[in-house]
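The sequence and structure are shown first.

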Amino acid sequence: VPLPPPMAPMDSIKMEFAMEGDTKTVDLKYLVDPFLPVRCVVGFYGRGSTAKSSFVGTLAAQISGDYSTLWVSVEELTDWIKARHIKAGGDAGTLAIVTAVASKTDHQGRAVGSSFDVYEHLETAILKAKAGCEQMYHPPRPLKLVVLDTAVGLTGWRKGETPNDDASVKRLLAYLHALAEQHDLTVAVIGHANKGKHEHFADSVMGATAWTNSPRLSFVHAVDQREDYAYVLRVAKTNLVPFGAPYTTEPVHTLYERTDGPDSVLVRTNRGPIVWGDAASLEMFEEATKKPKDDDDENGGGGNGSK
């Protein structure tokens, strides 16, 4: 029988005891209540064209009077990210951008690898952005939000690791949470969602279940089928009170004008009232995402029941 490895010295174990005075210092703070709790990882997931990046971009503009944001993207052009931030009401000098170039894509054309590697480059980018933010304003508007769009495309998956493997994703999110704690940041992870219906709400997120289970808070975004330029999001996982909210998009910058079709624009999002509670928020989400029936179906005729 092989001998067990030697025990670690006792001074290598950090231990704390719960004391009476601990309750006076424990509280929860938000950059934007209830969407961005501080010092943790938050997931924003949805299919394409659900304005999830614009939703997070609007949050970044909202906090810019007090705090700065680092945005790392393999999805959008740098000029678009900057223009949206300013036109959405963000203050100049409060958004730092690192643009990555996709080096690998999946069968649907989504980036699953890039010139940026979270493990190798993110902490360096955070330190550089912190130093730059300290010089922009007096008093400084410290770096408080880091956005990864998308986390799958910005991660250098090691041999044997994939975004569909729970252990791989847990390792990534544990690393991001450690950075959030160490640098006093909120890390917003943007990702994609699967198609179709799922038995459990959180399963609609593409890849391993750890994408929704491991963050402190995670959301699923979807198109509101009842109205143009309207969307809903709902908590997929939370340690606190579940909720959801509708939101709409509003053009803030025109990229290309057309005489015979809609313009190509950058948008900000406008949030509707928050719907609190598990049952109420699920009902709101399902009503918004339900396929509308056509007239023939409503009258008892044939048809496929959707438009």
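Is helix H1 (residues 52–62) largely enclosed by the rest of the structure or largely exposed, and why?

## Helix H1

The model discussed here is predicted. In this model helix H1 is largely enclosed by the rest of the structure, because ten of its eleven residues are buried. The buried residues of H1 are Lys-52, Ser-53, Ser-54, Phe-55, Val-56, Gly-57, Thr-58, Leu-59, Ala-60 and Ala-61.

In soluble globular proteins, nonpolar side chains tend to be buried together. The largest nonpolar core of the present model comprises 33 residues, and Leu-122, Leu-148, Leu-176, Val-189 and Trp-211 have the most contacts inside it. At least two residues of this core are supplied by each of strand S3 (41–46), strand S4 (68–73), helix H3 (118–136), strand S8 (143–149), helix H4 (166–183), strand S9 (186–192) and helix H5 (210–213). Helix H3 provides the largest share, seven residues.

Val-189 illustrates these contacts. Apart from neighbours within four places in sequence, Val-189 touches Val-41, Val-42, Gly-43, Phe-44, Tyr-45, Leu-148, Ala-151, Leu-173, Leu-176 and Trp-211. A second, separate core has 28 residues, including Phe-44, Leu-59, Trp-71 and Phe-219.

## Aromatic pairs

The structure contains twelve aromatic pairs. One of them joins Tyr-119 and Tyr-175 in a tilted arrangement, with 5.3 Å from centre to centre and 50° between the planes. This pair connects distant parts of the chain, since Tyr-119 lies in helix H3 and Tyr-175 in helix H4, 56 residues apart. Tyr-119 counts as buried at 15% relative accessibility, whereas Tyr-175 counts as partly exposed at 23%.

Phe-243 and Trp-276 also form a tilted pair, because their ring centres are 5.2 Å apart and their planes stand at 55°. Here too, distant parts of the chain are linked: Phe-243 belongs to strand S12 (residues 243–256) and Trp-276 to strand S14 (residues 275–276), 33 residues apart. Phe-243 is buried, with a relative accessible area of 3%, while Trp-276 is partly exposed at 46% relative accessibility. Both belong to a cluster linked by ring pairs, together with Phe-35, Phe-44, Phe-55, Phe-219, Tyr-231 and Tyr-247.

## A nonpolar surface patch

Which residues form a nonpolar patch on the surface? Ile-13, Met-15, Phe-17 and Met-19 do so, and together they have about 510 Å² of accessible area. Phe-17 is located in the segment before strand S1 (30–32). Its relative accessibility is 64%, so Phe-17 counts as exposed.

Terms used:
Residues are numbered from 1 along each chain as its sequence is written. This is a predicted model: local features need pLDDT of at least 70, side-chain atom pairs count only at pLDDT 80 or more; totals for chains, interfaces and linings use all residues. Side-chain values use heavy atoms; hydrogens and water are left out. Patches are made of residues with over 30% relative accessible area and no salt bridge: like charges are joined within 9 Å, nonpolar side chains (Val, Leu, Ile, Met, Phe, Trp, Tyr) within 5 Å. Accessible areas come from the Shrake-Rupley method with a 1.4 Å probe; for residues, only the protein chains shown count as cover. A salt bridge is a side-chain nitrogen of Lys or Arg within 4 Å of a carboxyl oxygen of Asp or Glu. Helices (H or I, at least four residues) and strands (E, at least two) are DSSP runs, numbered from the N terminus. Buried means under 20% relative accessible area, exposed over 50%, partly exposed in between (1.4 Å probe, protein chains only). A nonpolar core is a set of buried Ala, Val, Leu, Ile, Met, Phe, Trp, Tyr and Cys residues joined through side-chain atoms within 4.5 Å. Contact means heavy atoms within 4.5 Å. Rings of Phe, Tyr and Trp (its six-membered ring) pair if their centres lie within 6.5 Å; planes under 30 degrees apart count as stacked, over 60 as edge-to-face and the rest as tilted.
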